[in-house]
Amino acid sequence: MHRDKDWNRFNGIGMTSARTRARMVARLREEGIRDETVLAAMNAVPRHIFVEESLASRAYEDTPLPIGHGQTISQPWVVARMTELARQGKPLRNVLEIGSGSGYQTAVLALVADRVYTVERIGALVAKARRHLRELNLTNVAIKHGDGSAAMNEPLQVDAIVVTAGAAVLPDALLAHLEIGGRMVAPVAVEGNHELQRLTVVERIANGFKEQTLEAVRFVPLLPGTA
Ligand code: SAH
């Protein structure tokens, strides 16, 4: 794992302690997260530094929390599940994340992949996420301000794409960045309901794509353009 040995310095007491985080991980395991590499990453990243200080005591509850600009940090179970689906039990080289938000999911991905590319459309959140990732000394992350709903003007090829905002329809333009054997995990709206999505996994196989629809989830919307 890429991590600064000194993360213990972030551990607080009570609700921001390593023990509270370990309890969160135990809960994730009970709720069906099986990938030990993902659980170890969730156990390592201090989630409380990614939320406002006034919310830090709630950081290890299994709930999304506001991060400003009308956006939320995803609930721990969803972060763990998407990371597990992205990994499929295999080491990841390059991962593309759409929707950096607080940078929390980015940090979890940075521990299980060689390199993470993340795109966020709200400039103020890019600055915040960058600050959090620097604090953790995660040097294998590149964060960019931009609209990640369309394919990028870069020859980036990754083995996983994690979309952390709810798409109205499958953001299939992004599939151009997937290597064969790679997969995209994205919340895609259940028909006619933009508030409710289903985790969708699209795998690139030799002669096309294979799609699978999984759990219902609730994400803030994937929006076009930048802010
Ligand atoms: N992974 C984040 C979740 C943040 S919520 C975390 O762990 O905190 C989803 C984020 O997606 C928001 O910050 C929102 O601004 C961003 N987003 C929405 N549409 C986007 C787009 N087209 N391109 C990039 N980011 C987008």
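**Exercise 1.** State at what angle helix 2 and helix 4 pack, and which residues make the contact.

*Solution.* Step 1: helix 2 (residues 36-44) and helix 4 (residues 104-112) pack at about 130°, and their axes are 9 Å apart. Axes are lines fitted to C-alpha atoms, for helices over the stretch in contact, and angles run from 0 to 180 degrees between N-to-C directions. Helices (H or I, at least four residues) and strands (E, at least two) are DSSP runs, numbered from the N terminus.

The model is predicted: local features need pLDDT of at least 70, side-chain atom pairs count only at pLDDT 80 or more, and totals for chains, interfaces and linings use all residues. Residues are numbered from 1 along each chain as its sequence is written, and side-chain values use heavy atoms, with hydrogens and water left out.

Step 2: angles under 35 degrees count as roughly parallel, over 145 as roughly antiparallel, 65 to 115 as roughly perpendicular and the rest as oblique. Helix 2 and helix 4 are therefore oblique to each other.

Step 3: helix 2 passes helix 4 in a right-handed crossing. A crossing is right-handed if the near helix is turned clockwise from the far one by less than a right angle, and left-handed if anticlockwise.

Step 4: T37, A41, M42 and A44 of helix 2 meet Y104, V108, L111 and V112 of helix 4, where contact means heavy atoms within 4.5 Å.

Step 5: seven of these contact residues are nonpolar, one is polar and none is charged. Ala, Val, Leu, Ile, Met, Phe, Trp, Tyr, Cys and Pro count as nonpolar, Asp, Glu, Lys and Arg as charged, and the others, Gly among them, as polar.

**Exercise 2.** Work out how helix 1 lies against helix 2.

*Solution.* Step 1: the axes of helix 1 (residues 18-30) and helix 2 come within 8 Å and cross at roughly 155°. Step 2: helix 1 is therefore roughly antiparallel to helix 2. Step 3: their crossing is right-handed. Step 4: helix 1 brings R21, A22, M24, V25, L28 and R29 to the contact, and helix 2 brings E36, L39, M42, N43 and A44. Step 5: by class, seven of the contact residues are nonpolar, one is polar and three are charged.

**Exercise 3.** Describe the contact of helix 3 with helix 4.

*Solution.* Step 1: the two axes come within 10 Å and cross at roughly 35°. Step 2: helix 3 passes helix 4 in a right-handed crossing. Step 3: V79, M82, T83 and R87 of helix 3 touch Y104, Q105, V108, L109 and V112 of helix 4. Step 4: the classes are six nonpolar, two polar and one charged.

**Exercise 4.** Name the residues that line the second largest pocket, and sort them by class.

*Solution.* Step 1: a pocket, on a 1 Å grid over the protein atoms alone, is an open set of points where a 1.4 Å probe fits, with protein on both sides within 12 Å along at least five of seven lines; lining residues have an atom within 4 Å of a point. Step 2: the lining consists of H48, I49, F50, V51, E52, E53, A56, I67, K128, R131, H132 and E135. Step 3: helix 5 (residues 123-135) supplies the largest share, four residues. Step 4: five lining residues are nonpolar, two polar and five charged.
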